Amino acid sequence: MINIIYFILVSIGILFSGYRLIKGPNHFDRVVSLDVINVMIIGVLVVIAIIAKNEMLIDVAIAYGILGFLETIVFAKFLEVRS
Amino acid sequence: MKKIISLSLVMFIIWVLMAGFNVQEVIVGAAVSIILSVILSNYVQMSFKWNIIIKLLMFILMYIPILIIELIKANLDVAKRVLNPNLPINPGIVKVPTKVKSDLGKLTLANSITLTPGTISIDADVENVYIHWIDVKGETAEEHQKHISSSFEGVLGRIFND
Amino acid sequence: MIIIGKILLVISGLFYALGGLGLLRMPDVYNRAQAGTKATTLGTFSALVGACFFFPAWTPKLLLILVFVAITNPVGSSTLLRSAYRNGVKPEKATVDALKEFYEKEV
């Protein structure tokens, strides 16, 4: 029951962010919503680890967090240099 | 020598947190962190003093509770603004002077400004922090400082300015 | 104990939904980043603390993720907004703009 409520709420959040990712007026809106979705997926991975009772998914969440942070920084630097 | 020991200690603690307390894991982690810190010690600027333990305790006991309370207040504020159909915002970018001098202290100040109600830090120079504020109140820089960062300045100044 | 964990999980989902709604409704990139960053930071914190209530043996790793998210999430959004300002994205409806003088002086 709790799982269903949680995943409905998270999918509402990701749906709105995905709308902004597709529609966003300029590139910075898109990268901001990408950052938000990345942080959301860290929480979702932890919840999936609870449901599956599998500790290995926590390691996946750590690696995903590091990669998401690098992605944000690289996009910011790339967009700053390009113009 | 001091730099190598402190760097390998930091690496070893992070390794143990990630890998767990297994005998083999601890031996491998110690060996790898010592080798890596010998290689990397020329590129890292880290100074290790004994009062860092007292500073860490002060940081955890005095600073973290303020930050958590402010974070919860910030989220209730965001919820109130987003769910209101009129979207009551009055944004602007303001300049706030700060007395915290060290780099680590300034990073902590900027991060905690980002996590407090209605503000996000954009840029910083030697003695000012530039902040985007969702609901500007007051005219001068002193009033802005009183609204935004006065609750952190005292604690952070005491921790990071020796 | 598991009841507290479940309540924290629902709170986490609620803040994620609020962050998405803020991203949808706010008028320009600065306000969007504010709503998104704050809501997802608290949402991730409460999911991690809730997981600590479910499985206490996982606490060290979850603590590591919590510290990591607390450091990197504000830094990332701050860097993005700085690069947006340098590229000339103007804050909409802004009453004060102190950063403009700073960059004009720098150039």
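Predicted model: local features only at pLDDT ≥ 70, side-chain atom pairs only at ≥ 80, totals over all residues.
**Figure 1. Chain A is built from helices.** The secondary structure of chain A consists of three helices and zero strands, which follow one another from the N terminus as α-α-α. Chain A has a radius of gyration of 15 Å, well over the 12 Å that the globule rule gives for 83 residues, so chain A is more spread out than a compact globule. Along the principal axes, its C-alpha atoms fill a box of roughly 50 × 25 × 10 Å. Of the 83 residues in chain A, 45% are buried. The accessible surface of chain A amounts to about 4,300 Å², and carbon and sulfur atoms contribute 77% of that area. Among contacts in chain A with a separation of 6 or more, 45% are between residues 24 or more positions apart.

Figure 2. Six helices and three strands make up the secondary structure of chain B. Read from the N terminus, their order is α-α-α-β-α-β-β-α-α. A compact globule of 162 residues would have a radius of gyration near 15 Å, whereas the value for chain B is 20 Å. The C-alpha trace of chain B spans about 60 × 35 × 25 Å along its principal axes. Buried residues account for 38% of the 162 residues in chain B. Its accessible surface is about 9,400 Å², with 69% belonging to carbon and sulfur atoms. Of the contacts in chain B between residues at least 6 apart in sequence, 71% join residues at least 24 apart.

Figure 3. Helix α2(B) comprises residues 23-40. At 1.5 Å a residue, its 18 residues should span 26 Å, and the end C-alpha atoms are 26 Å apart, which agrees. Which residues of α2(B) are buried? They are Gly29(B), Ser33(B) and Ser37(B). These residues cover an arc of only 50° around the axis, which puts them on the same side of α2(B). On the face turned away from the buried side, α2(B) carries the exposed residues Val23(B), Gln24(B), Ile27(B), Ile35(B) and Ile39(B).

**Figure 4. Strand β3 of chain B pairs with β1 and β2.** Strand β1 (residues 92-97) of chain B pairs with β3(B) in the antiparallel sense over six bridges. The pairing of β2(B) with β3 (residues 128-133) is likewise in the antiparallel sense, over five bridges. β2(B) and β3(B) form a hairpin, with three residues between them. Val129(B) in β3(B) is the bridge partner of Val96(B), and Val129(B) is also the bridge partner of Ala124(B). Tyr130(B) in β3(B) stands opposite Asp123(B).

**Figure 5. Strands β2 and β3 of chain B are covered.** Five of the six residues of β2 (residues 119-124) are buried, so β2(B) is largely enclosed by the rest of the structure. In β3(B), six of its six residues are buried. Is β3(B) covered on one face or on both faces? Both faces are covered: Asn128(B), Tyr130(B) and His132(B) are buried on one side, and Val129(B), Ile131(B) and Trp133(B) are buried on the other.

**Figure 6. Glu70 and Leu115 of chain B are in contact.** Glu70(B) belongs to helix α3 (residues 52-83) of chain B, and at 15% relative accessibility Glu70(B) counts as buried. Leaving aside neighbours within four places in sequence, Glu70(B) is in contact with Leu115(B), Thr116(B), Pro117(B), Ser151(B) and Phe152(B). Leu115(B) lies in the loop between α4 (103-114) and β2 of chain B. Leu115(B) is buried, with a relative accessible area of 4%. With neighbours within four places in sequence again left out, the residues in contact with Leu115(B) include Glu70(B), Leu71(B) and Ala74(B), together with Lys38(C), Thr41(C) and Pro74(C) of chain C. Between Leu115(B) and Lys99(B), the separation is 16 residues in sequence and 20 Å in space, taken C-alpha to C-alpha.

How values were computed
Residues numbered from 1 in each chain as written. Chains lettered and ligands numbered in written order. Heavy atoms only, no water. Helix = DSSP H or I, 4+ residues; strand = E, 2+ residues; numbered from the N terminus. Expected span 1.5 Å × (residues − 1). Buried < 20%, exposed > 50% of the residue type's maximum accessible area, 1.4 Å probe, protein only. Arc of directions from axis to C-beta. Rg over C-alpha atoms; globule rule 2.2 N^0.38 Å. Contact = heavy atoms within 4.5 Å. Areas by Shrake-Rupley, 256 points an atom, 1.4 Å probe, with all protein chains shown as cover. Pairing = 2+ DSSP bridges.
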